[in-house]
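Welcome, and please open your viewer so that we can walk through this structure together. At each stop you will hear what to select and what is there.

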Amino acid sequence: MKAKQEFKVQPRIPERLAHLKRMAYNVMFSWHSEIRDIFQRIDPKLWADTGNNPVLLLGLVDQQRLDELENDTGFTSQLEEIAHRFDLYVKTPPKEVDKTCVAYFSAEFGLTSCLPIYSGGLGILAGDHLKSASDVNIPLIAVGLLYQEGYFQQYLNNDGWQMERYPTNSFDTLPLTQIVDASGQPVKVSVRFKDRQAAIAVWKAQVGRVPLYLLDTDLDENPPDIRATTDQLYGGDREMRIRQEIVLGVGGVRALKAMGITPTVIHMNEGHSAFSALERINILRKDHGLSFDAAREVVRSSTVFTTHTPVPAGNDTFSPDLARSYFEEYAKELGISWPVLLGYCRVNPRDESEPFGVTPLSLRFSAHANGVSKLHGLVSRSMWQNIWPRTPVQDTPIDSVTNGVHVSTWASREIARLFTRYLGQNWKEDPDPERIWESVSQIPLSELWRAHCHCRERLIAFARRSQFRQLKKQGATADVLQKAMELFSPDTLTIGFARRFATYKRATLLFSDPDRLDKILNNPQRPIQIIIAGKAHPQDNEGKAFIKSIIHYSREERFQNRIMFLENYNIHLASLLTAGCDVWLNNPRRPLEACGTSGMKALANGVLNLSVLDGWWDEGYAPQYGWAIGSGEVDSNQELQDLTESQALYNLLEHQVAPNFYTRTSDGIPVVWCDMMRNSIKDLVPRFSSHRMVTDYYERFYRQSSERYNSLSRQNFKLATEQAAWCNKLMTSWNDVQILELKGDGAGLKTVGDEVTVTANVRLGQLRPDDVSVEAYYGNMDHQGEFLDRLTLPMTKVSESQPSTFVFQGQISCKRPGRFGYTVRVTPSREKLGNPFVLGLVAWA
């Protein structure tokens with residue numbers, strides 16, 4: 001029998017403890033240990049049982065315990081002190097609050113274990129982005145989806161095959177508040193799924209100073225299939241995926257409008273939120289009467305897009321028929337036809353066989369696009385060059401901003417104490433990171449080593465308990481369970497490998513030669529133990545087979561005390577692994593790892609990286625920081641590459657990694673090892689922190705995009721209308737643009753310090769000189785006359801040789817010896833367009 005009415009009973013929070021409730025609903029607790037400590041002090045066991053969820057803790061704690069704490073002067077004094085610092089932090093106003101509002105859209109956010117709306121690296125990166133935006137204090141808000149079940153929890157059957165379970169999230173017990181209007185009614189918006197409306201409610205997770213708005217379709221007024229839209233992260237079929245992306249992109253922009261928020265910049269974290277660009281156009285047309293072209297210029301000038309995958313299959317596409325069923329009528333609202341919209345979503349708009357892709361749409365509607373490492377930027381330019389076929393691959397308008405990690409989230413308690421002691425109390429928010437991290441050199445190697453050893457001891461204790469629970473669920477015998485509690489040693493060199501089990505990450509490379517691996521791991525003088533964790537996508541049977549293979553290896557007698565796989569990789573396990581391992585192993589197939597931020601989390605704890613030169617490690621590696629597998633080769637023969645790199649990995653483990661770890665001074669300190677730890681923290685942490693990343697986005701993209709939005713929106717978007725007309729003029733007149741003659745005095749031999757004068761006679765037709773940018777394009781050449789690198793030099797109009805034809809001139813400085821060449825190109829005006837390549841217009845000499 002079911003109850004007719006439902007009600008909830010929660011403890012009464014005494015007035016002197018009221019600060020607890022405010023702090024429970026701000027996920028600052030995930031990176032401020034003092035806040036976690038005060039909640040843990042309430043009831044340590046309950047804190048652990050609730051998964052470090054302060055909201056659930058306050059809902060379950062015994063009333064008598066709260067009454068006791070109210071009269072505990074030690075507790076209340078500590079609470080007052082923490083609450084004071086909390087208030088100082090959250091009430092500090094952001095920079096340029098009246099000029100800039102960045103809305104950061106992402107399909108997942110990894111903030112804390114008790115808010116499971118993330119799957120892996122993309123979500124953790126998004127969470128770290130918000131935390132650093134809060135610490136750096138830039139005016140940013142965020143939009144995502146609130147999943148009823150989130151991403152799956154992983155467990156293994158007796159044969160080592162991954163299984164999935166989807167626990168249901170109870171929003172009332174999470175650090176979330178539902179957004180309501182002035183009358184107290186829930187704020188709701190709707191989007192259209194074909195011929196039906198889908199209602200969406202809005203929740204908020206407060207991330208320090210940054211509000212994260214989360215969209216929820218699990219509402220009574222929605223039919224069951226629509227309610228299920230926000231059930232699972234990356235679950236369901238292609239139709240479910242396009243619905244989720246409509247809710248995120250279209251619904252997200254509508255939700256912001258319903259709350260009275262008008263962002264000056266939207267940052268799309270991956271293509272899942274591409275439809276936000278379309279809805280911004282829709283709103284500009286309806287609210288301000290703009291044409292599609294004028295609205296497009298506003299949106300394109302104020303949108304930032306980050307692509308995260310160098311694998312074509314990782315970019316969402318949909319069949320044209322499916323997309324048409326959802327967007328044909330919507331295209332009419334935008335003032336364009338369905339074929340025009342479909343063209344925006346294809347690399348080649350005229351290719352009828354090409355699917356509807358969100359990445360081409362995102363790239364075409366962004367002023368700034370970027371990959372997430374320098375190497376990934378290069379790969380992305382090559383992948384998407386055909387969107388701008390007249391532009392050389394190196395000029396494809398995709399930049400790079402290397403990812404970073406939120407150091408105060410990922411640095412262990414022990415390491416963070418060292419930072420506070422030697423870097424100062426404000427290291428978490430210091431605006432001069434390079435200066436502050438120089439102080440790491442003051443940390444004594446002995447203290448660094450002791451702190452790290454504590455982290456390894458905690459990891460091994462957790463791993464034993466975890467292995468015990470895994471084996472007990474699988475029905476292991478008592479003697480097997482007893483052995484599980486004795487597995488691994490807290491004094492043994494420990495390697496960590498934990499990530500998504502996509503096949504290109506090559507989780508089984510380490511097992512290419514099991515016999516040689518046996519000799520390395522079981523060396524009596526220099527033993528090594530390896531902890532592995534990670535999930536395969538529920539539909540990725542190849543990835544699941546990798547996990548099964550590793551489980552079977554770990555059960556061989558020779559590896560039973562050397563290899564361990566831990567179930568259900570999540571934020572909590574990641575924090576233990578990246579702090580407690582000695583070496584972080586990463587061996588993807590170059591160049592398929594876009595960035596690889598798990599190695600940065602290890603870096604924040606002084607854990608040394610052993611990795612293929614891919615993603616961030618291609619930028620960060622030097623011998624004083626860790627080890628490189630190979631030299632950055634890419635081999636079309638994958639079997640040969642796997643063989644070569646597995647042998648290189650074994651050689652490094654046997655001849656460099658293990659000897660360095662076990663070479664100790666008389667007091668037990670591995671000095672060379674610890675010096676590498678300290679060097680890597682001092683030099684690399686400021687380069688690969690999310691504070692640096694967010695500052696890069698702000699200084700390079702956000703500020704400029706916001707200024708352009710504010711400029712275009714003045715006088716009811718008058719300038720936007722003018723710019724749209726100007727862009728149309730460029731498009732219709734560009735065929736007349738031609739470089740008629742190129743002259744220079746660069747022939748023959750020059751000396752360093754000389755200048756080469758370049759003169760171009762350019763016909764512009766209907767255009768004027770201020771409509772274009774004319775540039776000398778020069779650099780080193782190879783033996784075939786191809787540019788090895790290139791620089792550009794703005795050229796100045798010096799005369800009008802005849803009607804509509806102009807002479808431009810510039811001087812190239814000869815700064816270094818070598819073989820050089822130059823040409824000249826014409827693009828739309830950089831000053832007027834910001835990004836001169838987005839229109840795909842260029843003329844070459």
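Start by selecting Y151 and F152: both are buried, where buried means under 20% relative accessible area, exposed means over 50% and partly exposed lies in between, using a 1.4 Å probe and protein chains only. Before going further, please note that this is a predicted model, in which local features need pLDDT of at least 70 and side-chain atom pairs count only at pLDDT 80 or more, while totals for chains, interfaces and linings use all residues. Residues are numbered from 1 along each chain as its sequence is written, and side-chain values use heavy atoms, with hydrogens and water left out.

**Stop 1: aromatic rings**

How many aromatic pairs does a search of the whole structure find? There are 32. Rings of Phe, Tyr and Trp (its six-membered ring) pair if their centres lie within 6.5 Å; planes under 30 degrees apart count as stacked, over 60 as edge-to-face and the rest as tilted. In the pair of Y151 and F152, the ring centres are 4.6 Å apart and the planes stand at 45°, so this pair is tilted.

Now select F275 and F356. Their ring centres are 6.2 Å apart with the planes at 45°, so this pair is tilted. F275 belongs to helix α10 (residues 275–288) and F356 to strand β12 (residues 356–357), so the pair ties together parts that are 81 residues apart in sequence. Helices (H or I, at least four residues) and strands (E, at least two) are DSSP runs, numbered from the N terminus. Are these two residues buried or exposed? F275 is buried, with a relative accessible area of 0%, and F356 is buried with a value of 0%.

**Stop 2: helices around α12**

Two packed helices are described by the angle between their axes and the distance between the axes. Show α10 together with α12: their axes come within 9 Å and cross at roughly 45°. That makes α10 oblique to α12; angles under 35 degrees count as roughly parallel, over 145 as roughly antiparallel, 65 to 115 as roughly perpendicular and the rest as oblique. The axes are lines fitted to C-alpha atoms, for helices over the stretch in contact, and angles run from 0 to 180 degrees between N-to-C directions. On the α10 side, the contact (heavy atoms within 4.5 Å) is made by F275, L278, E279, I281, N282, R285 and K286, and on the α12 side by F327, Y330, E333 and L334.

Next, select α9 (residues 238–258) and keep α12 (residues 320–334) on screen. The axes of α9 and α12 come within 10 Å and cross at roughly 25°. The two helices α9 and α12 are therefore roughly parallel to each other. Among the α9 residues that meet α12 are I242, I246 and V250, and the α12 side includes Y326 and Y330.

**Stop 3: a helix inside**

Select α11, residues 292–301. Nine of its 10 residues are buried, so α11 is largely enclosed by the rest of the structure. The buried ones include F292, V298 and V299, along with R296, E297 and R300.

**Stop 4**

**Stop 5: a four-stranded sheet**

Select β21, β22, β26 and β25, which form an open antiparallel sheet in that order. β21 (738–744) and β25 (796–802) stand at the edges with a single partner strand each, so one side of each has no neighbour in the sheet. In the pairing of β22 (residues 755–763) with β26 (residues 805–813) there are nine bridges, and A760 stands opposite F808 in β26.

**Stop 6: backbone details**

Finally, select R590 and P591, which are joined by a cis peptide bond with omega of about 5°. P591 sits in the loop between β18 (583–586) and α24 (598–603). Then find F488, whose phi is positive, near 60°, in the loop between α20 (478–484) and β15 (493–498).

Technical notes:
Pairing = 2+ DSSP bridges.
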